[in-house]
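Student: Hey, can we go through the strands in this one? Start with whatever terms I need.

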Amino acid sequence: MVVGSGNRSQSSDVHPVAIDILDRILRAIAFLGWHLGRLRAPLALLGLLSQLLIESRATEPGPRTTIGSDTRPPNILLIVSDDHAWTDYGFMGHPVLRTPHLDRLASRSLCFTRGYVPSSLCCPSLASLITGRFPHEHGVVCNDPPRPTGMPQADFHRSEAFRSGRARLSSFLEQVPTLPRLLQDRGYLSFQSGKWWQNDFRKGGFAHGMTRGDRHGDAGLEIGRVTLKPIEEFVTAAEQAGRPWLVWYAPMLPHDPHTPPDRFLDRHRGTNPSLPVARYHAMVEWFDETCGQLLGFLERRGSDRRTIVVYLADNGWITDPQTGRYAPRSKQSPYDGGVRTPILVGWPGHIEPRRDDVHPVSSLDILPTVLRRVDAPIPAGLPGQDLLDRRAASRRRAVFGECFTHDAVDLDRPESGLRWRWIVDGSWKLIVPAPWNEPGGRVELYRVGSDPLELEDLADGEPRRVRRLRRKLDAAWNPSP
Ligand SMILES: [Ca+2]
């Protein structure tokens with residue numbers, strides 16, 4: 001570890017008088033930059049730099065951040081793709097897709113090919129990633145709040161019930177520690193871009209960001225699809241201010257609308273008989289290109305060696321070849337097409353690259369893994385564990401998940417919207433429906449180690465195994481309606 005401790009206000013190598021002069025100049029520029037609206041990039045960059053310098057001087061003591069030295073704690077880049085199946089990468093063996101940048105990242109990372117997110121819905125999955133807690137623990141179990149009986153979907157999104165419900169959901173994340181808040185206590189600056197459901201980025205503890213309040217992420221959704229410049233400007237300014245940083249890069253890619261550039265689509269038109277599948281494949285490659293651009297930016301700055309890069313998808317996606325929508329056993333389902341994702345953790349020179357095809361791991365492990373790398377306290381009671389702790393990995397056999405209705409039933413009772421609980425234990429996976437929302441459902445058992453597409457339900461022939469896994473699942477969380 002290279003994290004030190006000390007007083008940030010005493011850590012700069014720049015003369016104090018020079019800092020004061022620069023501070024005054026930048027404060028004036030910041031006043032213009034932030035209050036005259038969206039100015040052009042150079043002025044906006046100066047405004048951001050000024051704000052960061054002001055924050056840097058005002059913050060309580062934290063880790064030492066000497067400019068240009070190796071004593072800074074590592075930066076954190078969280079890359080989260082959106083609606084992306086676990087099979088759809090070169091390094092996961094896809095026969096057609098080309099993902100050279102993610103393949104390279106995987107080869108340089110601790111690469112868990114059996115990663116899981118607890119929920120196959122965007123909103124709770126992202127909330128669990130940033131809190132390290134299960135959806136029923138933080139309360140964001142749904143994509144949208146309860147819809148009043150009889151109200152059409154189109155009217156609902158414009159209704160007071162929708163606005164107040166979303167505000168309530170967003171408030172849940174203000175009541176639990178989040179990764180940006182926990183890192184801020186260690187002197188980090190943070191930046192949100194892309195998918196973000198919890199209103200203003202500040203609700204999640206980010207100091208900077210793009211999303212101001214719309215359902216998916218409003219202005220934040222330009223990231224990746226339109227530009228990477230806001231991230232580049234933030235990183236540049238943070239590093240000029242001598243501060244470690246956290247970047248949340250969660251572009252709406254390869255998520256629909258599947259509108260890839262022709263340079264990707266043209267190749268897939270010829271390799272796939274279904275245009276919807278070709279479009280999705282091209283979107284995956286477009287997402288991969290943006291990862292290469294972002295990682296290349298860090299390499300050109302020389303920042304890559306002091307940056308931990310974490311990658312995962314928020315939930316899966318399988319394209320219906322006819323309609324272009326998602327297939328039943330993917331997004332929103334408890335099957336691996338919805339909840340499985342590779343999880344990568346890379347840090348050149350510090351984390352040994354290794355591929356693990358054996359141990360199931362969870363996105364809930366990412367928060368404690370990152371906190372451990374920066375010597376930050378880990379909140380008590382979290383279900384996840386440090387992904388670099390090989391002994392812990394060998395002791396734990398199971399990871400758990402819970403899938404809920406898209407619209408909540410009752411925000412005060414997470415269990416009211418539960419559809420399925422599931423456990424992955426070694427090579428086996430048990431799916432248990434909640435009868436109050438899945439009245440026709442049955443318990444299913446799959447040997448995912450040898451049947452990764454979950455084609456053969458073995459529950460009837462393995463009653464003892466079903467009972468044993470059910471006991472473990474019930475011990476983790478066993479709610480009533
Ligand atoms: Ca998603």
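Tutor: Strands (E, at least two residues) and helices (H or I, at least four) are DSSP runs, numbered from the N terminus. This is a predicted model: local features need pLDDT of at least 70, side-chain atom pairs count only at pLDDT 80 or more, and totals for chains, interfaces and linings use all residues. Residues are numbered from 1 along each chain as its sequence is written.

Student: OK, which residue stands opposite asparagine 75?

Tutor: Threonine 307 in β6. β1 and β6 (residues 307-313) pair in the parallel sense over seven bridges.

Student: And how many bridges does β1 have with β5?

Tutor: Four, again parallel, with β5 covering residues 245-250. Leucine 78 is opposite tryptophan 248 there.

Student: Is β1 mostly covered or open?

Tutor: Covered: seven of its seven residues, 75-81, are buried (20 or more other C-beta atoms within 10 Å of a residue's own, with C-beta atoms placed from the backbone). Asn75, Leu77, Ile79 and Ser81 are buried on one side, and Ile76, Leu78 and Val80 on the other.

Student: New topic: what's the order in the open sheet of four strands?

Tutor: β10-β11-β12-β13, with antiparallel pairing. β10 (398-404) and β13 (444-446) are the edges; each has a single partner strand, so one side of each lacks a neighbour in the sheet.

Student: How many bridges join β11 to β12?

Tutor: Six, between residues 418-425 and 428-433. Tryptophan 422 stands opposite isoleucine 431 in β12.

Notes: Pairing = 2+ DSSP bridges. Buried ≥ 20, exposed ≤ 12 C-beta atoms within 10 Å, placed from the backbone.
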